[in-house]
Amino acid sequence: VISSYEKAIEYDPGNYNNYFGLANFYSTLVPLEIPGSKQASLNAYAKVLELKPNNPLLFLQMAKLASFDDEILAEELIKKSISLKPNYFDAVHSLVQFDLEKGNIDKGIDLLEKYLASYPQDLEAKYKAGVIYFKIKDFKKSIEQFEILAQEYPDNLEIKSILEKLKTGN
């Protein structure tokens, strides 16, 4: 895989996607504690930053890498991603999860609810919000999110099943 990305970079050094792919691959090796993988990932992300400095996905991916050993930097990078693209739910969801894991439930839920109010058409966000509400045991709000989804997708068996389980407490 690495040699394929290196050949792509050699062929088209101005294409940030080649560096991005290499960085993402190396970042998957970091949790395995492969020597040099974090630095190689950082080096490739630095090149992406040079070529495409306003890419919100870049900052989210860099935050995931930073989260292994620097939560403050990770949070700053997620916020940068959101500042570049406020409707980027993957980044918002990451920040909500980050807050919930740190015990900042009110802060995380406030961010989630502001997003849902700003982007009510985002059905993926409603699904994930339903799951988050379930995790914090706010079953009423979880049911509300899944009922909206059931109206949009009346034939979706997964949503029907989740909603039934929520309503019956199973």
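The protein has 10 helices and 0 strands, in a model that is predicted. Read from the N terminus, its elements follow the order α-α-α-α-α-α-α-α-α-α. Along the principal axes, the C-alpha atoms occupy a box of roughly 55 × 35 × 30 Å. The protein has 170 residues, of which 38% count as buried. Where contacting residues are at least 6 apart in sequence, 41% of the contacts join residues at least 24 apart.

**Packing of α6 and α7**

- Helix α6 spans residues 89-101 and helix α7 spans residues 105-118; their axes come within 7 Å and cross at roughly 160°.
- Because angles over 145 degrees count as roughly antiparallel, α6 is roughly antiparallel to α7.
- The crossing of these two helices, α6 and α7, is left-handed.
- On the α6 side the contact is formed by F89, V92, L95, V96, D99 and L100, and on the α7 side by I105, K107, G108, L111, L112 and Y115.
- Sorted by class, the contact of α6 with α7 comprises 9 nonpolar, 1 polar and 2 charged residues.

**D99 within the α6 contact**

- D99 is located in helix α6 and belongs to the α6 residues that make the contact with α7.
- With a relative accessible area of 2%, D99 is buried, since the cut-off for buried is under 20%.
- When neighbours within four places in sequence are set aside, D99 is in contact with E75, N104, I105, K107 and G108.

**Packing of α4 and α5**

- The axes of α4 and α5 are 8 Å apart, and the two helices pack at an angle of about 165°.
- α4 and α5 are therefore roughly antiparallel to each other.
- The crossing in which α4 passes α5 is left-handed.
- From α4, the residues P56, F59, L60, M62, A63 and A66 meet E71, L73, A74, L77, I78, K80, S81 and L84 of α5.
- By class, 11 nonpolar, 1 polar and 2 charged residues make up the contact of α4 with α5.

**Nonpolar cores**

- In soluble globular proteins, nonpolar side chains tend to be buried together.
- Here the largest nonpolar core contains 39 residues, and Y45 and L112 are those with the most contacts inside it.
- Two or more residues of this core come from each of α2 (16-29), α3 (37-51), α4 (56-66), α5 (71-84), α6, α7 and α8 (123-135).
- Not counting residues up to four places away in sequence, L112 touches F89, V96, A129, I132 and Y133.
- Another core, of 7 residues, lies apart from the largest one and includes L123, I143, F146 and L166.

**Positive phi values in loops**

- E33 is not a glycine, yet has a positive phi of about 60°.
- The loop between α2 and α3 holds E33.
- E33 is exposed, its relative accessible area being 68%.
- K137, likewise a residue other than glycine, has a positive phi near 65°.
- K137 is placed in the loop between α8 and α9 (139-152).
- The relative accessible area of K137 is 62%, so K137 is exposed.

Methods:
Residues numbered from 1 in each chain as written. Predicted model: local features only at pLDDT ≥ 70, side-chain atom pairs only at ≥ 80, totals over all residues. Heavy atoms only, no water. Axes fitted to C-alpha atoms, helices over the stretch in contact; angles between N-to-C directions. Helix = DSSP H or I, 4+ residues; strand = E, 2+ residues; numbered from the N terminus. Parallel < 35°, antiparallel > 145°, perpendicular 65-115°, else oblique. Left-handed = near helix turned anticlockwise from the far one by under 90°. Contact = heavy atoms within 4.5 Å. Nonpolar A, V, L, I, M, F, W, Y, C, P; charged D, E, K, R; others polar. Buried < 20%, exposed > 50% of the residue type's maximum accessible area, 1.4 Å probe, protein only. Core = buried A, V, L, I, M, F, W, Y, C linked by side-chain atoms within 4.5 Å.
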